[in-house]
Amino acid sequence: TKTIKEALDEIVPAKRAQLQALKAEHSQAVLGDVKVEHLIGGMRGLKSMLWDASVLDPNEGIRFHGLSIPECQSQLTAAPGGKEIIAESMLWLLLTGKVPTEAETRQLSQELAERGQLPKHVEKLLDELPTTLHPMTQLGMGVAALNHDSAFQAAYERGIKKTEYWTYALEDSLDLIAKLPAIAARIYRNAYRPGTPLADINKDLDLVGNYVNMLGFGDNHSLTEYLRLYIALHGDHEGGNASAHTAHLIGSTLADPFLAYAGALYALAGPLHGLANQEVLRWQLNMRKELGDNLTHDHIKEFLWKTLKSGQVVPGYGHGVLRKSDPRFTALLQFCDTRPELLADPVIQMVKKTYEVAPAVLKEHGKTKNPYPNVDAASGCVLYHYGLKEFKYYTVIFGVSRALGALTQIVWARALGLPIERPKSLSMDAIEKLVKQ
Ligand code: AMX
C-alpha cells in the first residue's frame, strides 16, 4: 500500500506539467473584468486564485475534485463499524485528487495516529492559558507554537531547492493535522472538564475517533459518526473563503504551515465566518427562551423580523458564493433524519422549522443575495443535542476540519512553485482618476 507521500510523488510531475502548459499557452487569456465593485465589494466573484482541491458552484455547492457530497458519501471509506466519511479519506482525496482505497485510508489513519502526540512545551503552554480565553484564541496559539519543530522552516534554513519545498510542507501539514485533535481536546478538557485525564491516542483509530475519545465522548458512537461527517464536509470550500485564503496568503510568504494555519484560524474565528455556528445556536436558544417549544411558523417569522429589524443578520443564512441551500446543511439534516432521537430534539425541530420559514422572510427583507441556509444553520445545534453544550467551543471543531483543505493547498502551492501573493490596491483618488480617463 502506498503512503500519501508516495502517492503524491507520482502526481506532482503531472500537475507541474499541467501548470507549465497553462502558463505557456494561456497566460494572456482573459477570465473576467475587474470592476470598481470588486475593489469595494470584498473581491466577491473575482477570479484570482488557483485552488485545485475543490470548486464551489453557486447553485450546486461544493465539489471535491469533481465529486459532490453524495458522491463522496458513497465512495469514500468510513471507519470500521461506521458509515460516515472519515477525515483521512477526505484528506487523501483533497491531496491527490483520487479516491483512496480502504488500505490507503487505514494507512493514513495509522500515520496520523503515530504523529498525534503533542510536544511537552505545547501541552504546558495550553495548560497555562486562562480557561476563560476564547477556545479559538487558544487553538491558534497552540498551532503556532508547533512551529518550534517545523521541518519546513528547518529545511529552508539549511537551504533546500525550491522543488523540494513541498515535501517539507507535507511533513509539517501531516504533523499539524495529526496533532490538531490533541490540541483541540486539551483546550476543551482544560476549560470544561478541568482535572480529568485525557485519553491516549489509540493507534488503531481514525483521527476523529481519537478526537472524540480525547474530548471524553468516546462511548457515543452516534456523535463520533456525526463529527466524522462534519469534519470531512467542512474540510475545504474552495480558496476564497477567509480562513483558506488567509492560510494561502501567509503560506505564500514561505512562513511554515503551522504559522499559516494559525493565521487561518483567527480568520475562522470571526462571526461572519466560522463563529456563525456558535451564533446560530445562541440565536435559536434565544428564540426558544422567548417563544417556548411549541413554535408555530408565525412565531418564527416574527422572531426573524425582530432580528432583522434590530439590524442584525440572521446567523446561518446567506453566503458569499452560494445561491441555494448549502448541500453540507442538507447532508447534516439527512444525518438527523435517520436518527429518531435527533428528530425528537426540540432545538433540531426548531432548526428545521426555521428553514421552512426563513428563506421567504429573507427574500421579503430583500437584502441578502442568498436567503438560504449555510452549513452553520444546523451544525452547532446537533452538537448541542449530543451534550457538547459549550458553544464557544464549536468553531474549534471547524478549525480541526478546515486544516484538511487549507494545508492541501499549502502543499500544492509549494509543489507548483506559486509566488508570494501581492494583489494591487488602489486609493479612491486613483480609482477616480482611472474611471474618468
Ligand atoms: N441576514 C440578514 N442580512 C443579511 C444576511 C442574513 N443572513 N446575509 C446577508 N445579509 C445582508 C448583508 O449584511 C448585506 O447588507 P448591507 O448591504 O447592509 O451590508 C446584504 O445582505 C448583501 O450581502 P450578501 O452579498 O448577500 O452577502 P455577503 O457576501 O456580503 O456576506 C455572509 C455573506 C455569509 C457574511 C452573510 O450572508 C452573513 O452575514 N450571514 C450570516 C452569518 C453567517 O451565517 N455566516 C456563515 C457563513 C458560512 C461560513 O463561513 N461558515
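## Helices α16 and α19

Helix α16 crosses helix α19 with left-handed geometry; a crossing is left-handed if the near helix is turned anticlockwise from the far one by less than a right angle, and right-handed if clockwise. Helices (H or I, at least four residues) are DSSP runs, numbered from the N terminus. In this predicted model, local features need pLDDT of at least 70 and side-chain atom pairs count only at pLDDT 80 or more, while totals for chains, interfaces and linings use all residues. Residues are numbered from 1 along each chain as its sequence is written.

The axes of α16 (residues 327-337) and α19 (residues 376-385) come within 8 Å and cross at roughly 35°. Axes are lines fitted to C-alpha atoms, for helices over the stretch in contact, and angles run from 0 to 180 degrees between N-to-C directions. Phe-329, Leu-332, Leu-333 and Cys-336 of α16 make the contact with Ala-377, Ala-378, Ser-379 and Val-382 of α19, where contact requires C-beta atoms, placed from the backbone, to lie within 7 Å. These residues divide into 7 nonpolar, 1 polar and no charged. Ala, Val, Leu, Ile, Met, Phe, Trp, Tyr, Cys and Pro count as nonpolar, Asp, Glu, Lys and Arg as charged, and the others, Gly among them, as polar.

## Helices α15 and α18

Helix α15 (residues 297-309) packs on helix α18 (residues 346-365) at an angle of about 45°, with the axes 9 Å apart. The pair is therefore oblique; angles under 35 degrees count as roughly parallel, over 145 as roughly antiparallel, 65 to 115 as roughly perpendicular and the rest as oblique. The crossing of α15 and α18 is right-handed.

On the α15 side, the contact includes Ile-300, Leu-304 and Trp-305; residues on the α18 side include Val-357, Ala-358 and Val-361. By class, the contact of α15 with α18 has 7 nonpolar, 3 polar and 3 charged residues.

## Helices α8 and α9

Helix α8 (residues 151-158) and helix α9 (residues 165-192) pack at about 155°, with axes 7 Å apart. They are therefore roughly antiparallel. Ala-151, Phe-152 and Ala-155 of α8 meet Tyr-168, Ala-169, Glu-171 and Asp-172 of α9. This contact comprises 5 nonpolar, no polar and 2 charged residues.

## Ligand shell

The ligand is surrounded by 20 residues, the closest being Ala-276, Gly-318, Lys-367, Thr-368 and Lys-369. The shell has 7 nonpolar, 9 polar and 4 charged residues.

## Confidence

The protein averages a pLDDT of 96, and 100% of the residues score at least 70; pLDDT is the predictor's confidence in each residue, from 0 to 100. The model scores ipTM 0.98 and pTM 0.96.

Methods
Helices (H or I, at least four residues) and strands (E, at least two) are DSSP runs, numbered from the N terminus. Two residues are in contact if their C-beta atoms, placed from the backbone, lie within 7 Å. A residue is near a molecule or strand if its C-beta atom, placed from the backbone, lies within 6 Å of it.
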